[in-house]
Each structure stands twice: as C-alpha cells, then as structure tokens.
Amino acid sequence: MGEKMLVLGIESSCDETGVALVQCAPGASAEQVPELLSHALYSQIEMHQAFGGVVPELASRDHIRRVLPLAREVLGAAQRTLQDVDVVAYTRGPGLAGALLVGAGVACALGAALAKPVLGVHHLEGHLLSPFLSSDPPQFPFVALLVSGGHTQLMRVDGVGAYALLGESIDDAAGEAFDKSAKLMGLAYPGGPLLARLAEQGDPKAYALPRPLLHSGNLDFSFAGLKTAVLVQSQKMVAAAGVDTFQALPLEKQRDLAASTQAAIVEVLVKKSLAALKETGLKRLVVAGGVGANQQLRQQLNAQCAQRAIRVHYPELHLCTDNGAMIALAAAMRLQSGRQQAVTHYAFDVKPRWPLNLL
Ligand code: KG4
Ligand code: ZN
C-alpha cells in the first residue's frame, strides 16, 4: 500500500457550498474505499426560496462568502492544517458557470499557494460514487440510476471512470418534475422533499397521470409532459371546488395529487432501472443524486430488486444531495485507481455542460 494522501474537495456547482477532507492511498486496491475525515455544508436554499428557484448570480456570490470558512471548519474538525493537504479537488462541471468558477478559482489559488496539485471533478461522478461512503458500499460493476435536480440517467459502471450511458431524460430531470409539480401545488423551492411529505397520506391511485416513455422500449425518460398533466389536473380540481388556489383545496385532495404525481415519477424510474438491470444482466444497482433520498423510490426499488436477487445501494441520506464529500471521494478514487493524476498548472476552466460518459 502506498503513502496516505489527503484530498480537500470543494463543491460549488449549484446552491450548496460543500467542503470535505478525504484520505486515500494511491496504488491501493480498487476495493479499498477512501476514508471521509470530515465534511461541512452550507445550503443557500433559504436565500433562493424568495425567488422560487436558484438565482445564479446570488449563488456565485454566496459561494465566495462560504467556501473558506467551511474549509477552515473541515480542517479543524479533522485536526489538520492546510499544509497537510496533498491535493485540492473541485467540481469542474456540470453546473452553473459562475458558481463553478468560485470553487475552481479557490481550489486553484489554494493549490498554487501551497504548491500542491489540483484536480477538477465531474459532479455526477461524485454523485455516482457517493454510495461508496455508506456502511454498505457497492462493488463494480453495477447499474447506476442518477437522479438529481438537473439529470436523470442510467449508466453502466464497470469501474472508476468507466461509464457507459444506457439512457437519459430527453427533457426535464426527475428532480425537476418533482420541483415543478411542487411549485404548481404552491410548495416552496426545492419542492421535491415537500411534495414527498405531502404525498405521505395521499392515495397514489387517486388521479391517473401519464407514465411518459414507460413502454418506449429503450431506457430514456421524459418528464415534461407529466408536469403539464399535473397542471391541468390541479386546474380542474381548483375549478371544481370553486376556490382560487391549489392550497385552498381540502388537504386530502392536495395529498392525493401529490401522491399520484410521486407515484408516476417513481414508477417510471423503477421500471426503467429494472429494464437496465435486465438488459445488462447485472445484479447490482446504485441509486444516487437528490431524488435518491425519496422514500417511495427506495421502498419500491428495494421490494422489486429483492424479488430478483438484485442488491441496491444508496448514499447515506445526508450525502444524497450536493456535498463536498462526494467530490473529495471521486478525486481520491480517481487518484487511487491511477486513472488520473492531479496537476500543478493552475490555469482552470469549468464545464457547465459536460456529459459523464465523455469523461
Ligand atoms: O443532486 P441534487 O442535490 O442537486 C443536483 O445536482 O441537481 O438534487 C436536488 C434534487 C431537487 O430536485 C430536489 O427536489 C430533489 O433532488 N429531492 C427530492 C427529495 N430530496 C431531494 N425529490 C424527491 N423526494 C425527496 N425526498
Ligand atoms: Zn447534484
């Protein structure tokens, strides 16, 4: 086993500033999972809520305020200093350009000041590898269902950096379908978790909503039409009840539409994941990204996969949404696998659009 290496990871692609310290051992076997020493997160969600969504310029400015205090916090918690850091990793993309530039700029400045190498990480690779930090880490190969606010993809994963795209959303992401439907229901941003909570006591069969591309014969998704169907249904309900807003409806009706919406999204995600497992013949599924926190999705995947002797792995709940730990981890796993070297030239670019399978 090689020397231990300390990776500082910075995530700033959207509305969460995350920083983490991970320790790895380059040259170690692929099975050896790097160790998370500490991580800290600041969520800007409250700031953006007044606008009903993320305001990119405000996001960038807030990342600037948070990133160094978070780095200090993380180093302090692990009882390390900046001089102990061997590599500085940051999210290079995809994400909001201005927000990405903050993390990249700070990481490269730190690297230059410390004369330590830097490494740009793909945000989705971070999500995809995040279940390795759970108490039940997966093993390669596996099928990954990546379900975040901006992406819905099924990938075949044969190892670190070996990602083949099996299918993806041709329009809205699953998280977007949750968030946009939630907005129609008068819920705050990001509405996914709030919609899930409203759905808890609702009847998922109350309203027949479309399951887009369920029988398309391929592994692609489409969620834009669902949002329109939810809009039409909610307008009908409001008109029939003679009220002004969705939130003026009896709570039971609100719960039923939330439950029906969640059921439509979850059914498509579950069926397509099962189809991907069947197509690849793999017996392991990894679920990652913010929507992976959804309990209905977890329950149904667990039940369906148990019947087929398929193992399902999730990140710890608090690592489902954006965080620095997954960025430090992805960098550490890349370094450990020898797949990538950190570099000591500090000119950087960011990639707001960056397909994972082109990595
Ligand atoms: O991965 P993530 O933090 O950010 C992106 O990289 O996009 O995912 C955020 C998305 C949001 O759309 C949010 O509403 C959704 O994940 N989300 C959920 C739940 N928790 C987060 N959607 C449904 N149910 C949840 N429990
Ligand atoms: Zn994300």
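Helices (H or I, at least four residues) and strands (E, at least two) are DSSP runs, numbered from the N terminus. This is a predicted model, in which local features need pLDDT of at least 70, side-chain atom pairs count only at pLDDT 80 or more, and totals for chains, interfaces and linings use all residues. Residues are numbered from 1 along each chain as its sequence is written, chains are lettered from A and ligands numbered from 1 in the order in which they are written, and side-chain values use heavy atoms, with hydrogens and water left out.

View 1. Leu213 is placed in the loop between helix 6 and helix 7. Its phi is near 60 degrees, a positive value in a residue other than glycine. Leu213 is partly exposed, with a relative accessible area of 30% (buried means under 20% relative accessible area, exposed over 50%, partly exposed in between, with a 1.4 Å probe and protein chains only). Ala115 lies in the loop between helix 3 (97-114) and strand 5. Phi of Ala115 is near 55 degrees, again positive in a residue other than glycine. With a relative accessible area of 58%, Ala115 is exposed. Most residues other than glycine have a negative phi, and most peptide bonds are trans.

View 2. Phe140 and Pro141 are joined by a cis peptide bond with omega about -5 degrees. Pro141 sits in the loop between helix 4 and strand 6. A cis peptide bond also joins Tyr189 and Pro190, where omega is about -15 degrees. Pro190 belongs to the loop between helix 5 and helix 6.

**View 3. Helix 6 and its buried side.** Helix 6 spans residues 192-199, and its residues Gly192, Leu195, Ala196, Leu198 and Ala199 are buried. They lie on the same side of helix 6 because they cover an arc of only 160 degrees around the axis (the arc is that of the directions from the helix axis to the C-beta atoms). The buried residues pack against helix 5 (174-184) and helix 8 (251-280), where contact means heavy atoms within 4.5 Å.

**View 4. Helix 5 and what covers it.** The buried residues of helix 5 include Ala174, Gly175, Ala177 and Phe178. Asp179, Ser181 and Ala182 are buried in helix 5 as well. Their cover includes strand 6, strand 7 (152-159), helix 6, helix 7 (224-241) and helix 8. Gly186 follows helix 5 and has a positive phi, near 80 degrees.

**View 5. Ser260 in helix 8.** Ser260 is located in helix 8. Ser260 counts as buried because its relative accessibility is 0%. Pro204 is 56 residues away from Ser260 in sequence, yet the two are 4.1 Å apart in space, C-alpha to C-alpha. Not counting residues up to four places away in sequence, Ser260 touches Asp203, Pro204, Lys205, Ala206, Tyr207 and Leu209. A polar atom of the Ser260 side chain lies 3.2 Å from the backbone nitrogen of Tyr207. This is a polar contact (a pair of N or O atoms within 3.5 Å; within protein, one must be able to donate a hydrogen and the other to accept it, and residues adjacent in sequence count only if both atoms are side-chain atoms).

View 6. Ser134 is found in the loop between helix 4 (123-129) and strand 6 (142-147). Its relative accessibility is 12%, so Ser134 counts as buried. A polar atom of the Ser134 side chain lies 2.8 Å from the backbone oxygen of Pro131. The Ser134 side chain also reaches the backbone nitrogen of Asp136 at 3.2 Å. Tyr314 and Glu316 are touched by Ser134, not counting residues up to four places away in sequence.

**View 7. The second largest pocket.** The second largest pocket holds about 230 Å³ of space. Of the 19 residues that line this pocket, Tyr90, Arg92, Gly120, Gln340 and Val343 are the closest to its centre. On a 1 Å grid over the protein atoms alone, a pocket is an open set of points where a 1.4 Å probe fits, with protein on both sides within 12 Å along at least five of seven lines, and lining residues have an atom within 4 Å of a point. Grid points are joined across faces, edges and corners, and the volume is the space filled by probe spheres set on the points. Strand 4 (87-93) and strand 5 (118-122) each supply at least two lining residues. Strand 5 gives the largest share, five residues. The lining has ten nonpolar, five polar and four charged residues (Ala, Val, Leu, Ile, Met, Phe, Trp, Tyr, Cys and Pro count as nonpolar, Asp, Glu, Lys and Arg as charged, and the others, Gly among them, as polar).
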